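Colleague: I am new to reading sheets. Please walk me through the strands here.

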Amino acid sequence: MSSTRRRLSLVSCLLLVGCGTPSPSPVPVGSAGCPSDWDAAIVWSTETAPQSQLDYVSGDAVVASRSLPHQGLSAAPAQAPFRSGETAWLAANGNTTRDTTHVLRWSQADCSTQAFAVQEQVIWSVVASDEAFYTTNTLNGEAQVHRRTMDGTLTAEVAVPATVFSSLALDGDRLHAVGATGDPGDEQTVLVTFDATTLAEQRRLELGPRSLAVSTLVHAGKLYLPAGAVGDANGNEREVSTLQVVDLDTGTPETLDLGTASPYLVADSERGLVFAHTSMNPTFRSMDAYRYVTLFDPANRERTTLDAGPALRQIVVAGDALLVLTQPGDAAATLTRYALSDLRELSRVEVAPPAGGQHYLSGILATAPDA
């Protein structure tokens, strides 16, 4: 698991400075409520400053800012895996010493957050149903999965030796965990399916050379696993344009080639699946080289590519719109909204990083029209 441990150690993020629309003076998120009119919130995290920040935007303007008394925020990628109705979930892994970890439940109704303290040093993934939320972390080379009810009560847990689970996906009464397993030189991508209530293991599939998918999605009975890169027996990694797709009824895997390197994030939409070709802590090329989004129709296998500009960080689908977050070099972050129907640009806003301390982009919280 040596290469996997190296990936675990890559917790530092690019420190961001630059120019853009300044944020209004932030107010505590618990007491401020939502702005009167907003489309999305850019999540800025930190491991050194006292607080993280949400910058709420509407169209081409920043309309409000809210502070969060938590550090090391990790918004689960691409919206759908961590969104349940009007509720979104974030992991707050704390400062550089990793001595405090919380799971945050954010409400679209009033933009408040509820914090659950958990005994997990670094959470990789959070997913939730109406009854419970699930987390995964790794300790001493052992993957751990926890189920907690909505009051934070731990009701089930399971440990899987010599494994790292990088992503979780809920599918009714099943919980799918994806990651890497095995001894150094023999690591494989693994998909383990658990009973969503008891966390009893139901099925285990090894899917070839190791990968660490951080964004997985269940769509029409299939699990999509974009990882961007795969490893070999020598501990080397290479970028790929492919991802794995597993039929969840039969357990049959297939390989899907999108024709563009590093499919990394996936989101569902009314036009099919949306993939962001990006990376975390890229080692193959400059972050500025990641710029493409692919719309893929699973029914007819047609795909459309969007050039979203350099340094693609995150995507979110909100109703009939696609939100794309970019930040080249040390410039301001840019949130661009596109129409899913024809990918025309609807709005664009640039947002400078918060003042006071060092902050980095963590994700997007978007209004969910059906919530």
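**Strands and their partners**

Modeller: Start with strand 12 (residues 142-149) and strand 13: the two pair in the antiparallel sense over seven bridges. The model is predicted, so to speak of local features needs pLDDT of at least 70, side-chain atom pairs count only at pLDDT 80 or more, and totals for chains, interfaces and linings use all residues. Residues are numbered from 1 along each chain as its sequence is written, and side-chain values use heavy atoms, with hydrogens and water left out.

Colleague: What holds the strands of a sheet together?

Modeller: Backbone hydrogen bonds pair them, either parallel or antiparallel. A strand is a DSSP run of E, at least two residues, numbered from the N terminus. Two strands pair if DSSP finds at least two bridges between them.

Colleague: Which residue is the bridge partner of glutamate 142?

Modeller: Proline 161, in strand 13.

Colleague: In what order do the four strands of the open sheet lie?

Modeller: The order is 10-11-12-13, with antiparallel pairing. Strand 10 (123-128) and strand 13 (154-161) are the edges; each pairs on one side only. From one strand to the next, the twist averages 15° (axes are lines fitted to C-alpha atoms, and angles run from 0 to 180 degrees between N-to-C directions).

Colleague: Which residue of strand 22 partners tyrosine 224?

Modeller: Valine 245. Strand 19 and strand 22 (residues 242-247) are antiparallel, joined by four bridges.
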